[in-house]
Amino acid sequence: MKQIFAYENIEQYQKNIQTTQYLVGKLEIYRQILEKEFKLHDIPKAIVWTSEEIATNIFSTVPIPAYTTKDIIYMNPNLEDWRQLFLRQLEGQQHFEIEKYYKTICNDHIFCILAHELTHHSDLFLDEFDDERMDSIWFEEGMCEYLSKKLTLNENQFDEIAKIELELIHLFKDKYGKQSLDDFGTASYESESLTSIMYDYWRSFQTIKYLVEERSDNNIHHVFEVYHRWHKEGRKVSLTQYFNLDSFLNSL
């Protein structure tokens with residue numbers, strides 16, 4: 001993967017280069033895991049390292065400064081920017097535990113965001129970026145969230161972020177929890193708030209975590225097998241129905 005830097009000045013580049021090098025080093029290790037265990041065959045052509053402003057206002061209008069467009073990953077590596085973004089998820093509400101957590105996250109947590117984007121390129125996922133089918137987006141996004149966290153964070157870090165995101169689900173369930181998980185991605189990001197977008201990522205992660213750890217005895221590949229079977233059988237019902245997730249989703 002080529003490393004491309006898109007900053008407004010040399011100071012921004014210099015401010016972020018050390019973190020960028022750290023993230024690239026970790027990504028090489030994670031790439032090897034995906035290639036060996038999760039059918040990563042074709043990697044992106046490049047990562048464009050850029051600022052939050054450029055990522056969300058020039059290259060895209062998505063309010064999250066990390067995303068993949070076909071063969072290119074766009075990523076803001078700045079830790080403080082991500083801390084502030086995650087705090088904005090609270091929409092002005094005060095929550096001591098969540099605020100404390102996001103104020104103290106480290107670059108390992110930022111790496112999960114980059115790893116998530118690379119995970120999208122696994123051939124285990126059935127739909128392409130430009131595919132018109134949208135009925136399994138929650139599975140891919142949730143699995144990218146799960147793998148990027150589970151395979152890179154230590155046990156305590158993983159348990160902590162899972163707990164924080166579950167609390168966020170509870171905090172915003174009445175406001176954003178009415179949409180079916182199968183409808184993930186049907187609304188335009190441009191018309192939604194940051195928190196409403198992230199809400200479905202939190203739900204998708206928790207759902208995959210449940211499927212892997214509670215339903216499949218920590219066998220990630222078994223979950224993929226069921227997902228592939230749903231596809232081969234013609235997607236006759238929604239994927240949440242196929243996994244029989246109604247009770248779990250109602251309990252979130």
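**A guided tour of the sheet and its helices**

Begin by selecting helix H5 (residues 107–119), which lies across strand S2 (46–50), S3 and S4 and runs at about 160° to S4. Contact here means heavy atoms within 4.5 Å. Axes are lines fitted to C-alpha atoms, for helices over the stretch in contact, and angles run from 0 to 180 degrees between N-to-C directions. Helices (H or I, at least four residues) and strands (E, at least two) are DSSP runs, numbered from the N terminus.

The model is predicted, so local features need pLDDT of at least 70 and side-chain atom pairs count only at pLDDT 80 or more, while totals for chains, interfaces and linings use all residues. Residues are numbered from 1 along each chain as its sequence is written, and side-chain values use heavy atoms, with hydrogens and water left out.

**The sheet**

Next, display the strands. They form an open sheet of four strands in the order S1-S2-S4-S3, with mixed pairing; two strands pair if DSSP finds at least two bridges between them. Strand S1 (2–6) and strand S3 (66–69) are the edge strands, each pairing on one side only. On average, neighbouring strands of this sheet are turned by 20° against each other, direction ignored.

Now select S3 together with strand S4 (residues 72–75): the two run antiparallel and are joined by four bridges. Thr 68 has Ile 73 in S4 as its bridge partner, and Thr 69 stands opposite Ile 72 in S4. S3 and S4 form a hairpin with two residues between them, and Lys 70 in the turn has a positive phi of about 55°.

**H1 against H5**

The axes of H1 and H5 come within 10 Å and cross at roughly 50°. H1 and H5 are therefore oblique to each other; angles under 35 degrees count as roughly parallel, over 145 as roughly antiparallel, 65 to 115 as roughly perpendicular and the rest as oblique. Their crossing is right-handed: a crossing is left-handed if the near helix is turned anticlockwise from the far one by less than a right angle, and right-handed if clockwise.

To see the contact, select residues of H1 including Tyr 22, Leu 27 and Leu 34, and residues of H5 including Ile 110, Phe 111 and Leu 118. The residues of this contact divide into 10 nonpolar, three polar and three charged. In this division Ala, Val, Leu, Ile, Met, Phe, Trp, Tyr, Cys and Pro count as nonpolar, Asp, Glu, Lys and Arg as charged, and the others, Gly among them, as polar.

Within helix H1 (residues 10–37), select Arg 31 and Glu 35, which lie four residues apart, about one turn of the helix. Their side chains meet in a salt bridge (2.5 Å, N to O), defined as a side-chain nitrogen of Lys or Arg within 4 Å of a carboxyl oxygen of Asp or Glu. By this rule the count comes to 14 salt bridges.

**H4 and its two partners**

Finally, select helix H3 (residues 79–88) and helix H4 (residues 96–103), whose axes come within 9 Å and cross at roughly 165°. H3 and H4 are therefore roughly antiparallel to each other. Arg 83, Phe 86 and Leu 87 of H3 make the contact with Glu 99, Tyr 102 and Lys 103 of H4.

The crossing of H4 and H7 is left-handed. Among the residues that meet are Tyr 101 and Tyr 102 in H4, and Ile 164 and Leu 168 in H7.
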